[in-house]
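Colleague: I have not looked at this one before. Can you put it up and take me through it?

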Amino acid sequence: MEPKLEKRKYDADKAVRLFVSSTFRDMQEEREALTLIFPAVTQFCRLYDLDFIPVDLRWGITEEEAQSDKTVEICLDEVSRCAPFFIGILGERYGWIPEAISEIAAEKYPWLLSKKGRSITEMELYLGMKDNPHCRIYERCAESKEAKDKNQLALKERIVKSGVEIKQYKTPSELARYVFEDIKNVISGLFSMAETGEGELHLSYARHAAAEYTDYKSASGLIDEYIGGSAKKILLLTGGAGSGKSSLLAYYLINYQPENTFFHFCGASDDSADLYNMVLRLLMWLESRYQIEIDFNKEPLDIINSVPAHLNEAAKKAEQLNIIIDGLELLENTKGITSFAWIPTSLPENIKLIISTRDSSTLQKIEKKAFKVQNVASPDEEDIKYIAQNYLLSYGKKLDEKSRDKIAAAKKSRLPFYLVSMLDELRKFGVYEELNSRIELLLSCESVSGIIMQYLSRLEDNMDRQNFELLKKALIYLYVSGDGLKESTLIALLGTPNAYTWALVFPAVCELCYLRVNAWLFKNDEISKAVEQYFKLDDTLAYALSLINCLIEIQGDERTRILPSVCVRYRQYGVLNALMSDMDAFMDIYNRNHWKAREYWKALSEQAYEMTENFKPLLESPAEYTAAQLSAAAQILFDYRYPKEAFALFKAVMKKCKAADDWMSYQDALGSLAKIKHRQCIYKHATYIYMRQSEICEQNNFTKGFVKSLGNLGLLYYETNNVEKALYYYQRALSLAEENNYAEEQQKLLGSIGYLQFNNLNEIKAAKNTFDKQRKLCLQIGSVKGAAAAYDSLSQVELKEGDLQTAIKYLYDEEKLLQKINDQNALQICLGNQGSILYRQGLNSAAISKYKKKIDICLKTGNKRSLMGAHKNLTIIYMHIEKHDKALEHAMAYALLATELKEMDDILAAKYFEVAASKELGNDYMDKYEELLEMAQIVGRPDVIKKLASL
């Protein structure tokens, strides 16, 4: 009876090492065919949370080892290491027969003494088949009549007698197909499918990422030192793309396994880069482990902002708590939420938080947090040699010292992503005699995309022409899609007649892509670049149209996930309009990401598509649609200036919500109705609706809605010049927001109250305190835009008090924040304000520099009105410091813009500056003088005539 292996026997190893045994010279094509199919095996192993490591010893033994009779020992050690995963391939040749067997090998494998005079291939086969029901043997059907080596015939007889089946194949690709299916059968018989819960996906990601890391310079020791130390700061790991941050953190987790550790990798799953989902995972973990009471019914932003408080609660119950977040720059939110308030400003002694990021702008946004920054060091030459040796050794490969030195000397090898990509491509190469030239070729690649192009070139050389064309099409379709495609869609696009044809393309897709919710996506941007460059993708419209036509026929998430963005990119607005007119499709798009839905409608509106036509069925028969559908359509109509239609739909939403006793949705719709009337300046009606909304929110304890309605009432009363009532409602809203820790609402309300105190009530000291409170809160929660606004307000307060030095300091702080969020419009205003203060301080050169920067931004953004103002101010400064040539230059630019914008006061001012500067320069200015005099007389400006007379 065939012995059975327990399903979990190999779980501890988590690796499938497959030994490939055959003679070398006559089996090059077979081994290359297997290399092409192995990525598909890797992908299959991932379903079982396993790593796949094929061992091919074509250049796995150095000359030194061969000369010292170590060949037999090395080969058999690898067979033992790979057991029970073993395949043997028989051809016409019997193979090399070693002259001697070392004492060490004979001691390890006593049966070798009975195999003297046998080839090393037969020795491998003997050990691989011994007590192993999972080995597989294949034999090539010889096309020539050339007789097999007699030793080879005898070997086959011995295999047959042992009871092991020999499977015949005709072509290398047929062999590859047999091997793929057989390995799948063996793995599915030995292992259980991996769990696919969110936690398991993160653990699996960590394990696979850890496999790519080599612990050079004891980098993981630095993490261990931080976790075991007393530092209260957050450890921030930084480094560019490919520097090895994720692999380092994964390596530490898997190999050191610290207790009480929460970890989150922002590339582990579909939802892993969603800020809100990451916070939910963390809070649920804290709640479960430390029995903390957490209210998950709050608004998403409030839940995100509550993390520091809950960490402090956990710290009281935990002896040691570790949190690892990898890829901070990737965190975003489909609801449009951006917040860094979840990152504590300080840590209790027993909590350790490690965050990694590569994005310098992200670093700047969180610079106020208490960080210990640790840049992931690049490997030096000795490290690179060590990494190369260990990486290749895991695949049964070895490089001589000269080759390792050559790789280590290349500066590009200092980037771990480049180094590992190059080694991975190198280890698949099988011709020992050409190894050095292959190393030279790979090192000549300037980037990882260049290495990937070499991989594509190798595929083109080794694949059947027709199959490579299919692969080319598949990769271009993936490139065009942007967001990946399902396998079934790719097969439909390729028009492949059967699964076997797709199987020939599938392995290369596995090599270049990862599978995310059944969709294949490129693993990284370098692959996308490589595909673009290798296939010279200057015009992909034909592919895009084919993809669009295919997606139109698909009913499901793929159509709504991919089709809209492809339509926008390739300007197929008719198709997009038809999709957005389909209410089911529209709701799929809106629910997935309503910001994206807005972008698509904006693209359509710019092409003169009439939105009311799309929503005509809802407008005519609202009762036939759900409240969610009506609300989504109403919101879009409101955003794009269709208030009458939006109002009608929101009224229909309220009717449905009232019937369903859904008061939360009812008050949301009320708030939207009020906004419509507010925007139309129908203040009395808007006031009534806001009041009604606040009553419902108060009665039903909808605190967030209550705060919003009170804040909106404050704004409405301010706009109608009732400052006393505006302040009353703002302060009520602020009190509620503070009670419930609604940080974002707090900072906005503080800004509104401070504005009233400063501009309407002349309470300068109170305004300063309010704005400063807003500033501190914004910095704490990571609201960069809010902090910038607070700095601007504080500068205005200081200006009024005459403290120019403090005012300019606040503006410098504002400038830094605006640069971080790339708010160009606010930045040019800030620079103009700086220039004004610097001019008042007599710092003319500094003021000129600021206005020139303002001009650069205005030119880029096309802001002609602000550009005109900058030229005006530069004209005044240059006139003041008597640089009249410069003054004339800017006065002329000022005049041109004023004329274009039809601003008469500015036209007259600019023309006056032209006349004055020309006179100082001794130019012929009388024509300009007469022209301006006539213009001033026509428009009736005696002040200008008087100024001219003084010239």
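Modeller: One definition to begin with: a charge sits over a ring if NZ of Lys or CZ of Arg is within 6 Å of the ring centre and within 35 degrees of the ring normal. By that rule the charged end of lysine 704 sits over the ring of tyrosine 742, 4.9 Å from its centre. Keep in mind that this is a predicted model.

Colleague: Where does the charged end of arginine 598 sit?

Modeller: Over the ring of tryptophan 595, at 5.2 Å from the ring centre.

Colleague: OK, back up a bit. How many helices and strands does the protein chain have?

Modeller: The protein chain has 47 helices and 13 strands. Its C-alpha atoms fill a box of roughly 120 × 80 × 60 Å along the principal axes. Of its 951 residues, 53% are buried.

Colleague: Start with E1. Which way do its residues point?

Modeller: Ala15, Arg17, Phe19 and Ser21 point one way from E1, and Val16, Leu18 and Val20 point the other way. In a regular strand the side chains alternate between the two faces of the sheet.

Colleague: And how many of the 7 residues of E1 are buried?

Modeller: 7 of the 7, across residues 15–21, so strand E1 is largely enclosed by the rest of the structure. Alanine 15, for instance, has a relative accessible area of 14%, and the cut-off for buried is under 20%.

Colleague: Which strands does E1 pair with?

Modeller: One is E2, residues 51–55, which pairs with E1 in the parallel sense over 5 bridges. Alanine 15 stands opposite aspartate 51 there. Another is E3, residues 86–90, which runs parallel to E1 and is joined to it by 3 bridges. In that pairing phenylalanine 19 stands opposite phenylalanine 86.

Colleague: What do E1, H1 and E2 make together?

Modeller: A right-handed β-α-β unit, with helix H1 covering residues 28–46. In the loop between H1 and E2 you find aspartate 49. That residue has a positive phi of about 60 degrees although it is not a glycine. Aspartate 49 counts as buried, at 11% relative accessibility.

Colleague: Where does aspartate 661 lie?

Modeller: In the loop between helix H32 (643–659) and helix H33 (663–679). Aspartate 661 is exposed, with a relative accessible area of 54%.

Colleague: What about the peptide bond from alanine 83 to proline 84, cis or trans?

Modeller: That peptide bond is cis, with omega near 10 degrees. Proline 84 is in the loop between helix H3 (71–82) and E3.

Colleague: Change of topic. How many aromatic pairs are there in the whole structure?

Modeller: A search finds 24. One of them is phenylalanine 44 with tyrosine 48: the ring centres are 5.2 Å apart and the planes are at 45 degrees, so the pair is tilted. Phenylalanine 44 is buried at a relative accessible area of 15%, and tyrosine 48 is buried at 8%. Tyrosine 391 and tyrosine 395 form a tilted pair as well, with 5.6 Å between centres and 45 degrees between planes. Tyrosine 391 and tyrosine 395 are buried.

Colleague: Which residues do ring pairs link into a cluster?

Modeller: Phe586, Tyr590, Trp601 and Phe615.

Colleague: Now a helix. How far does H24 reach from its first C-alpha to its last?

Modeller: H24 covers residues 541–553, 13 residues in total, and reaches 19 Å, close to the 18 Å expected at 1.5 Å a residue. Its buried residues include Ala544, Leu547 and Ile548, along with Cys550 and Leu551. Seen down the axis of H24, the buried residues fall within an arc of 165 degrees, so they line one face of the helix.

Colleague: What does the face of H24 turned away from the buried side carry?

Modeller: The exposed residues Ala542 and Glu553.

Colleague: Last one: which residues of H40 are buried?

Modeller: Among them are Leu804, Ala807, Ile808, Tyr810, Leu811, Asp813, Glu814 and Lys820. H40 runs over residues 804–821 and reaches 26 Å, close to the 26 Å expected for its 18 residues at 1.5 Å a residue. Just after H40, asparagine 822 takes a positive phi of about 55 degrees.

How values were computed: Residues are numbered from 1 along each chain as its sequence is written. This is a predicted model: local features need pLDDT of at least 70, side-chain atom pairs count only at pLDDT 80 or more; totals for chains, interfaces and linings use all residues. Side-chain values use heavy atoms; hydrogens and water are left out. Buried means under 20% relative accessible area, exposed over 50%, partly exposed in between (1.4 Å probe, protein chains only). Helices (H or I, at least four residues) and strands (E, at least two) are DSSP runs, numbered from the N terminus. Two strands pair if DSSP finds at least two bridges between them. A crossover is right-handed if, with the strands pointing away from the viewer, the path from the first strand over the helix to the second runs clockwise. Rings of Phe, Tyr and Trp (its six-membered ring) pair if their centres lie within 6.5 Å; planes under 30 degrees apart count as stacked, over 60 as edge-to-face and the rest as tilted. The expected span of a helix is 1.5 Å times one less than its number of residues. The arc is that of the directions from the helix axis to the C-beta atoms.
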